[in-house]
2 protein chains.
Amino acid sequence: MGLRVAVLGLGEAGSLFARDLLAQGAEVAGYDPVPEKGVPGLLRAGSEAEAAAGSDLVLSVNWARVALEVAERVAPVLRPGQVYADLNTASPALKERIARCLAPTGALFADVALMSPVPGRGLRTPALAAGPGAEAYRALLAPLGAPVRVVGEEPGAAQARKLLRSVFFKGLAAAVGEALEGAQRLGLEEEIRKEIAQSLKEADEGLVERLVEGSRKHAQRRYEEMLAAAELLEGVGVEPLLARATAAWLRGLVK
Amino acid sequence: MGLRVAVLGLGEAGSLFARDLLAQGAEVAGYDPVPEKGVPGLLRAGSEAEAAAGSDLVLSVNWARVALEVAERVAPVLRPGQVYADLNTASPALKERIARCLAPTGALFADVALMSPVPGRGLRTPALAAGPGAEAYRALLAPLGAPVRVVGEEPGAAQARKLLRSVFFKGLAAAVGEALEGAQRLGLEEEIRKEIAQSLKEADEGLVERLVEGSRKHAQRRYEEMLAAAELLEGVGVEPLLARATAAWLRGLVK
């Protein structure tokens with residue numbers, strides 16, 4: 001008997017997962033409240049519960065804001081031993097709430113954090129999994145080519161790792177974006193973009209330590225520098241969201 | 001006749017500049033309101049005006065918050081042709097105010113932005129210079145080993161470049177710091193630190209483009225992700241300054 005998977009949410013990520021699971025020989029039932037372009041071979045179910053009933057693995061690939069509702073809607077049809085994986089990017093606290101909601105069903109909950117964009121990788125997107133169903137999730141999908149690393153028993157432990165990385169990585173993106181917006185207003189975009197690219201290219205493993213140490217050591221001076229930077233951005237009509245947050249963070253480091 | 005330089009402010013940067021200028025054969029008069037450890041060979045003046053009178057070049061190496069006052073105090077002794085260089089990290093607007101304050105004296109104002117920490121490099125710290133005195137500043141100090149790049153006629157143009165770079169670089173430091181603080185509370189510091197170091201090491205020149213494009217394309221999803229990240233940080237007692245600013249920045253990109 002092949003694997004039967006329910007994919008709840010057929011947006012970009014859900015569709016790509018469904019497509020790759022079908023290509024690997026799984027039977028896939030999908031549901032999305034909004035009719036989208038189809039995935040060939042996918043069994044379109046009339047409801048989330050209909051898709052989930054009798055499947056070995058349920059993947060919830062929705063928005064975080066509906067993740068709990070989706071779980072509540074399928075809970076009545078879940079059975080002991082089924083794996084329910086929530087792939088949404090939600091706070092660890094929300095993952096715990098979903099896990100508690102599903103606990104009475106006997107289904108095994110997995111908090112899955114996708115660690116890079118799904119387009120281009122699909123089922124091969126690196127993932128972390130945590131929770132009582134993490135090991136079962138890995139065991140079901142690893143043979144189909146999904147790189148899954150189990151990081152703990154607690155629902156939310158996978159998300160926590162993903163979100164901490166996002167604080168760094170999306171924060172970096174925002175810092176770059178804000179600097180470039182200011183540069184653009186001053187006719188310096190090309191120059192600053194090149195400088196930033198060069199700095200990133202030169203970044204090595206020791207940079208983390210230098211950033212942490214330098215911020216502590218020069219907190220007062222850099223705090224005042226970021227106030228000046230915020231003033232500069234405001235002067236050219238850019239709201240200094242990152243500059244102000246950085247200033248506030250540095251002020252917190254002043255001894 | 002050798003070069004005569006006045007160094008106003010004998011903190012870390014001022015002292016190192018004074019030391020290196022003396023080593024290069026310049027005559028250096030210094031002033032600081034707070035008596036500090038001496039620089040051998042430095043002529044200690046009784047006031048800023050006394051140090052500045054008759055010097056070829058005046059370096060103001062103070063805090064931004066006193067930069068204008070210092071300029072006002074020495075203005076009465078400045079003469080046409082003298083170069084007054086403000087090395088403080090201030091907003092471009094403040095540099096313009098200082099330039100206007102000194103304009104009636106006929107002295108040439110240079111807005112100088114030091115582009116890396118002074119310790120370890122001293123006079124060899126890479127600098128940008130702008131304003132009517134920028135070229136004269138470069139001509140006086142380049143022969144002594146100071147790498148100066150003139151970037152414009154407008155006082156503040158050097159600062160603008162420095163501050164835009166700081167929005168990126170100090171923002172990066174803050175993003176790393178906040179992620180690590182959250183990680184530390186969750187017992188994940190070692191793991192997250194390694195991941196961040198690895199990401200920075202792998203960063204290449206194309207990363208800027210990918211960050212800019214990715215933020216635009218996935219603004220809504222990443223906005224919600226950063227709200228979840230902020231919730232995670234708050235849950236472990238870390239004020240999510242950067243996470244919240246990043247969320248607000250992403251919300252601004254949502255079409």
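How many residues does helix α9 of chain B have, and what distance does the helix reach from its first C-alpha to its last? In this predicted model, α9 of chain B covers residues 219-235 and has 17 residues.

The buried residues of α9(B) include Ala219(B), Arg222(B), Tyr223(B), Glu224(B), Glu225(B) and Met226(B). Further along the helix, Ala228(B), Ala229(B), Ala230(B), Leu232(B) and Leu233(B) are also buried. The cover over these buried residues comes from both chains: it includes α3 (64-74), α4 (92-102) and α6 (157-185) of chain A, and α6 (157-185), α8 (207-217) and α10 (241-253) of chain B. Just after α9(B), Gly237(B) adopts a positive phi of about 85 degrees.

Chain B also holds an open sheet of eight strands, ordered β3-β2-β1-β4-β5-β6-β7-β8, with mixed pairing. Its edge strands, β3 (43-44) and β8 (148-152) of chain B, each pair on one side only. Strands β1 (residues 4-8) and β2 (residues 27-31) of chain B run parallel and are joined by five bridges. Within this pair, Arg4(B) has Glu27(B) of β2(B) as its bridge partner.

Two helices of chain B lie across strands of this chain. Helix α6(B) lies across β6, β7 (127-130) and β8 of chain B, at about 10 degrees to β6(B).

For chain A, the domain assignment gives domain 1 (4-153) and domain 2 (162-253). The centres of these two domains of chain A, taken over C-alpha atoms, are separated by 37 Å.

Definitions and conventions
Residues are numbered from 1 along each chain as its sequence is written. Chains are lettered from A and ligands numbered from 1 in the order in which they are written. This is a predicted model: local features need pLDDT of at least 70, side-chain atom pairs count only at pLDDT 80 or more; totals for chains, interfaces and linings use all residues. Side-chain values use heavy atoms; hydrogens and water are left out. Helices (H or I, at least four residues) and strands (E, at least two) are DSSP runs, numbered from the N terminus. The expected span of a helix is 1.5 Å times one less than its number of residues. Buried means under 20% relative accessible area, exposed over 50%, partly exposed in between (1.4 Å probe, protein chains only). Contact means heavy atoms within 4.5 Å. Domain bounds come from an automatic or database domain assignment. Two strands pair if DSSP finds at least two bridges between them. Axes are lines fitted to C-alpha atoms, for helices over the stretch in contact, and angles run from 0 to 180 degrees between N-to-C directions.
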